[in-house]
Amino acid sequence: MNEELTNMLAAMDPAELAMGSAVLGFIGMFTIVIAIVWFFVSAIGYFKMFKKAGEKAWLAFIPLFRDYIRFKFAWKPLFFWITLGCLIAAQVLPMFDNLVLNLLALAICIVLIVLHAKVAGYIAKAFGKGGGWGALLFFFPFIASLILGFGKAEYIGNQSGLAKKK
């Protein structure tokens with residue numbers, strides 16, 4: 001296989017290889033820039049949401065802490081740790097090249113999607129919004145977080161039924 005690839009690359013024109021590398025490099029850089037912009041736009045929205053919820057707003061800019069705080073004020077921190085464990089397992093299990101473990105990793109990914117959908121719904125409820133807002137938070141967090149953070153929505157507290165009793 002390596003010999004075939006080596007022969008194929010040796011037969012190609014160096015200018016074509018350079019152009020292909022440049023295009024792939026541009027696509028990669030463009031993707032990175034879009035991801036960074038996406039992250040910061042949603043972080044700004046979460047910053048404002050965290051302030052409304054009485055949390056440390058600056059944590060919105062630190063990825064894992066942001067998720068922890070989201071789970072904390074909308075659902076329960078325990079589910080953040082379950083989600084983190086599932087995420088690690090979903091990344092590690094496919095490395096063993098075993099069909100059963102790969103299927104288990106797929107099942108864990110489905111669990112992760114469900115957990116993130118539920119926390120999005122609970123965040124919407126915590127701000128007095130319905131299921132449509134939960135769906136918006138799930139699919140377009142960068143838009144919904146800005147609207148909830150900068151809009152008139154007020155944090156009314158954990159509505160999941162699993163909040164700590166004081």
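**Charges, fold and a helix**

Mentor: The mean positions of the 15 positive and 8 negative charges of the protein chain lie 34 Å apart. Lys and Arg count as positive, Asp and Glu as negative, without His and the chain ends; each charge is placed at NZ of Lys, CZ of Arg, CG of Asp or CD of Glu. This is a predicted model, in which local features need pLDDT of at least 70, side-chain atom pairs count only at pLDDT 80 or more, and totals for chains, interfaces and linings use all residues. Residues are numbered from 1 along each chain as its sequence is written, and side-chain values use heavy atoms, leaving out hydrogens and water.

Trainee: How many helices and strands does the protein chain have?

Mentor: Helices (H or I, at least four residues) and strands (E, at least two) are DSSP runs numbered from the N terminus. Along the sequence the pattern is α-α-α-α-α-α-α. The count is therefore seven helices and zero strands.

Trainee: What span does helix α2 reach from its first C-alpha to its last?

Mentor: Helix α2 covers residues 14–52, which is 39 residues. The expected span is 1.5 Å times one less than the number of residues, giving 57 Å here. The span reached is close to that, at 57 Å.

Trainee: Which residues of α2 are buried?

Mentor: Buried means under 20% relative accessible area (1.4 Å probe, protein chains only). What covers the buried residues of α2 includes α3, α5, α6 and α7. The buried residues are Phe39, Ser42, Ala43, Gly45, Tyr46, Met49 and Phe50.

Technical notes. Buried means under 20% relative accessible area, exposed over 50%, partly exposed in between (1.4 Å probe, protein chains only). Contact means heavy atoms within 4.5 Å.
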